[in-house]
Protein chains: 2
Amino acid sequence: MPRYALLVEYDGRPFAGWQRQADQPSVQGAIEAALARLEKRDHTIAAAGRTDAGVHARGQVAHCDMEKAWDPFRLSEALNFHLKPAPVAIRACAAVSDDWHARFSAHERRYLFRLLVRRAPATLEAGQVWRVMNPLSLEAMRAGAAHLIGQHDFTTFRSTMCQAASPVKTMDEIRIEQTDTGAGTEFRFHLRARSFLHNQVRSIVGTLERVGAGSWAPEDVRSALEARDRAACGPVCPPDGLYLMGVGYADDPFS
Amino acid sequence: MPRYALLVEYDGRPFAGWQRQADQPSVQGAIEAALARLEKRDHTIAAAGRTDAGVHARGQVAHCDMEKAWDPFRLSEALNFHLKPAPVAIRACAAVSDDWHARFSAHERRYLFRLLVRRAPATLEAGQVWRVMNPLSLEAMRAGAAHLIGQHDFTTFRSTMCQAASPVKTMDEIRIEQTDTGAGTEFRFHLRARSFLHNQVRSIVGTLERVGAGSWAPEDVRSALEARDRAACGPVCPPDGLYLMGVGYADDPFS
């Protein structure tokens with residue numbers, strides 16, 4: 001069966017997450033339902049990152065197997081037609097080989113977390129940023145983040161529900177930018193790694209927020225990491241500000 | 001009665017516009033209902049710009065009259081509490097004199113229009129940008145916009161429903177920026193004038209889009225303007241991408 005890679009963008013707000021569920025809306029379910037309008041049968045697609053409820057994506061990657069050979073552009077157009085009005089869009093589609101796998105062929109995931117510091121509630125960005133009322137120190141958060149770069153046992157920053165075989169991961173980058181938007185101060189956390197543990201980004205950003213607020217010293221991040229103990233983690237932040245931005249492959253199907 | 005200026009941000013999607021209406025949700029109605037929770041009586045507030053259905057604001061300005069003297073910060077906090085969960089927030093509040101008027105004291109309005117060029121439907125920005133599928137020339141749109149700067153009779157770019165006494169307005173600025181967002185090309189139109197006619201921004205952007213697409217030559221904008229005829233206008237674009245960004249006062253109450 002011809003296999004296609006899909007570059008997927010979605011607003012996570014109305015969904016219980018990526019993964020198909022019996023009685024709740026999911027991104028996977030929405031795409032599989034659109035595929036069933038094109039080829040009438042059950043479809044099961046695989047994705048690079050199974051995002052949680054409320055988490056967004058600019059560059060999720062999934063793959064599907066089709067019976068007939070589709071022109072990739074026409075496949076993406078047909079899917080976008082049937083996906084409406086759900087806030088899910090296929091940004092690109094490419095034919096890939098049978099052994100290419102959206103999840104197992106991926107060697108890098110890039111996440112963005114958006115944090116908005118201001119007193120007033122978010123309106124235009126409601127559900128798309130984590131709004132925090134206390135001021136944050138960019139320098140302190142950068143110093144705290146530096147302790148997490150490289151290969152570590154991330155047990156502290158991993159959900160107790162995490163199913164990964166090992167808690168050892170290599171964090172390639174945590175880059176933090178600060179911008180004055182005119183209606184608040186936005187902090188953007190860019191995280192990059194081969195793969196992430198369950199809740200790892202939200203555990204890290206929630207902890208760094210405590211560092212930025214001054215409740216934690218930057219060195220406390222190292223102590224928390226070295227404790228290898230979930231109880232040593234700072235508060236896990238909400239999903240609202242989290243975006244799967246992109247997935248890296250040795251041979252990028254969309255380039 | 002003590003008068004307070006309010007700096008208001010809102011997501012226009014769920015509203016039939018700024019103006020209070022008998023049986024539809026409005027931004028004015030939402031704020032007046034919140035005021036009634038603080039001082040139990042009918043409230044009527046005035047705003048600098050009566051935005052249409054689906055139009056957003058970062059920096060709308062309104063004023064309210066209260067019976068008791070409120071600390072401005074506490075008034076904004078109390079309003080934000082009662083506005084929840086509507087996507088309306090009071091970003092700032094300031095005491096002003098009795099003769100200060102959000103609409104009549106204003107000497108400048110600044111609007112932003114966001115246009116996203118890409119093939120796939122908008123998801124994260126759905127309802128917050130105008131998505132256009134054809135590529136656009138920034139240079140052509142800038143050349144077209146140049147014909148509109150200065151004082152003109154804007155009858156062509158004015159809704160037939162417009163109630164303004166005169167169609168003559170002075171456009172101080174139309175600045176157009178282009179950015180590659182990684183998930184499309186975004187054009188941002190920044191417009192600035194003492195005041196605008198009804199549908200003026202959407203008429204101008206809709207016309208400039210035709211110029212960018214190559215259907216109109218930049219000089220056609222001048223011919224359309226000189227025609228002083230509504231029928232000479234390009235298509236009026238949707239409200240989704242329009243934001244009232246700020247209002248200028250001789251004595252800015254929030255600075």
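**Notes on the predicted model**

1. The model is predicted. A salt bridge links Glu9(B) to Arg118(A), with 2.7 Å between the closest N and O atoms. The count of salt bridges between chain A and chain B is six. On the chain A side, at least two residues each come from strand S1 (3–10), strand S3 (56–65), helix H2 (72–83) and strand S4 (88–96). S4(A) supplies the largest share of that side, four residues.

2. The overall contact involves 26 residues from chain A and 26 residues from chain B. About 2,000 Å² is buried between the two chains, and 53% of this is on carbon and sulfur atoms. Across the interface there are 12 residue pairs in polar contact, both members being at pLDDT 80 or more. By residue class, the side of chain A that touches chain B consists of 12 nonpolar, five polar and nine charged residues.

3. Arg119(A) forms a salt bridge with Glu77(B), where the closest N and O atoms are 2.6 Å apart. Arg119(A) sits in the loop between strand S5 (106–117) and strand S6 (130–132) of chain A, while Glu77(B) belongs to helix H2 (residues 72–83) of chain B, so the pair joins two chains. Both partners are partly exposed: the relative accessible area is 42% for Arg119(A) and 25% for Glu77(B).

4. On annotation, the unreviewed UniProt entry places "domain: Pseudouridine synthase I TruA alpha/beta" on residues 8–104 and 145–249 of chain A. Residues 8–104 of chain A are 25% helix and 25% strand, with the end C-alpha atoms 17 Å apart. For residues 145–249 of chain A, the content is 25% helix and 32% strand, and the end C-alpha atoms lie 26 Å apart.

5. The unreviewed UniProt entry also carries an "active site" annotation on Asp52(A). Where is Asp52(A) placed in chain A? The residue is in the loop between strand S2 (46–47) and S3 of that chain. Asp52(A) is partly exposed, at a relative accessible area of 26%. Leaving aside residues up to four places away in sequence, Asp52(A) touches Gly17(A), His198(A), Asn199(A) and Arg202(A).

6. In chain B, Arg202(B) and Asp52(B) form a salt bridge, the closest N and O atoms being 3.7 Å apart. Arg202(B) lies in helix H4 (residues 200–213) and Asp52(B) in the loop between strand S2 (46–47) and strand S3 (56–65) of chain B, so the pair ties together parts that are 150 residues apart in sequence. Is Arg202(B) buried or exposed? Arg202(B) is buried, with a relative accessible area of 14%, whereas Asp52(B) counts as partly exposed at 25% relative accessibility.

7. Over all chains the count of salt bridges is 40. In general, side chains of opposite charge can pair when their charged atoms come close. One network of salt bridges links Glu108(A), Arg110(A), Glu173(A), Arg175(A), Glu177(A) and Arg192(A). In chain B, the side chains of Arg175(B) and Glu177(B) meet in a salt bridge at 3.5 Å, N to O. Arg175(B) is partly exposed at 38% relative accessibility, and Glu177(B) is partly exposed with a relative accessible area of 33%.

How values were computed. Residues are numbered from 1 along each chain as its sequence is written. Chains are lettered from A and ligands numbered from 1 in the order in which they are written. This is a predicted model: local features need pLDDT of at least 70, side-chain atom pairs count only at pLDDT 80 or more; totals for chains, interfaces and linings use all residues. Side-chain values use heavy atoms; hydrogens and water are left out. Contact means heavy atoms within 4.5 Å. Buried area is the accessible area (1.4 Å probe) that two parts lose on being put together, summed over both. A salt bridge is a side-chain nitrogen of Lys or Arg within 4 Å of a carboxyl oxygen of Asp or Glu. A polar contact is a pair of N or O atoms within 3.5 Å; within protein, one must be able to donate a hydrogen and the other to accept it, and residues adjacent in sequence count only if both atoms are side-chain atoms. Ala, Val, Leu, Ile, Met, Phe, Trp, Tyr, Cys and Pro count as nonpolar, Asp, Glu, Lys and Arg as charged, and the others, Gly among them, as polar. UniProt positions are given in the numbering used here, feature names are shortened, and annotations may be inferred rather than shown by experiment. Buried means under 20% relative accessible area, exposed over 50%, partly exposed in between (1.4 Å probe, protein chains only).
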